[in-house]
Amino acid sequence: MGQRRAAAERLRSAEFEAFAAGAAGRLLHAAVLLTGDPAAADALLCAALTRTYANWYRLRGEDPYAYTRAELVRRYAHRPHWRRTGSGVLARLTPQERLVVVLRLYEGVAEEQAAAQLGLPVDRVRALCLRAMATLRSRPPAPPAAPSAVTATS
């Protein structure tokens, strides 16, 4: 590898490491909200960051955070093994509702942008968000009662 190419690779690595150090925490939190499982969220984030690193040169002039978030959303939406519902506050939501809530409320993405990322009409995104919020505001179903132990009396 030539010196110029090696220098370019070092620069790419340094830029990406700086980006990942600054953005990984927030992206990991979004991934945990989506998957409900820290291990699955870590794997999902690693896959998204890997794709971002591979396309780093093409991102010149674009926001790498937005690209990585979009990749996180794409991978979650199109790969069923990420959508196993774990535990947590969002466990009662469907995968689409989770995506909308995380994008709209946690990430602060506008309805139009969220709709474009998810490939849905704006009205559908709005309806999903409203339904998800109604679900989250409602009381969770009561867990089944454990059978009580019968004590013998003498």
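A residue is termed buried when its relative accessible area is under 20%, exposed when that area is over 50%, and partly exposed in between (1.4 Å probe, protein chains only). The model examined here is predicted, so that local features need pLDDT of at least 70 and side-chain atom pairs count only at pLDDT 80 or more, while totals for chains, interfaces and linings use all residues. Residues are numbered from 1 along each chain as its sequence is written, and side-chain values use heavy atoms, with hydrogens and water left out.

Side chains of opposite charge can pair when their charged atoms come close. A search of the whole structure identified 9 salt bridges, a salt bridge being a side-chain nitrogen of Lys or Arg within 4 Å of a carboxyl oxygen of Asp or Glu. One of them joins Arg26 to Glu107, with the closest N and O atoms 3.7 Å apart. Arg26 belongs to helix α1 (residues 3-35), whereas Glu107 lies in the loop between α4 (95-106) and α5 (111-118), 81 residues apart; helices (H or I, at least four residues) are DSSP runs, numbered from the N terminus. Arg26 is partly exposed at 38%, and Glu107 is buried at 10%. Both residues also belong to a salt-bridge network with Arg69.

A further pair consists of Arg131 and Glu97, whose closest N and O atoms are 2.6 Å apart. This pair links helix α6 (residues 122-137), which holds Arg131, with helix α4, which holds Glu97, across 34 residues. Arg131 has a relative accessible area of 40% and is partly exposed, while Glu97 is buried at 4%.

Notes
Helix = DSSP H or I, 4+ residues; strand = E, 2+ residues; numbered from the N terminus.
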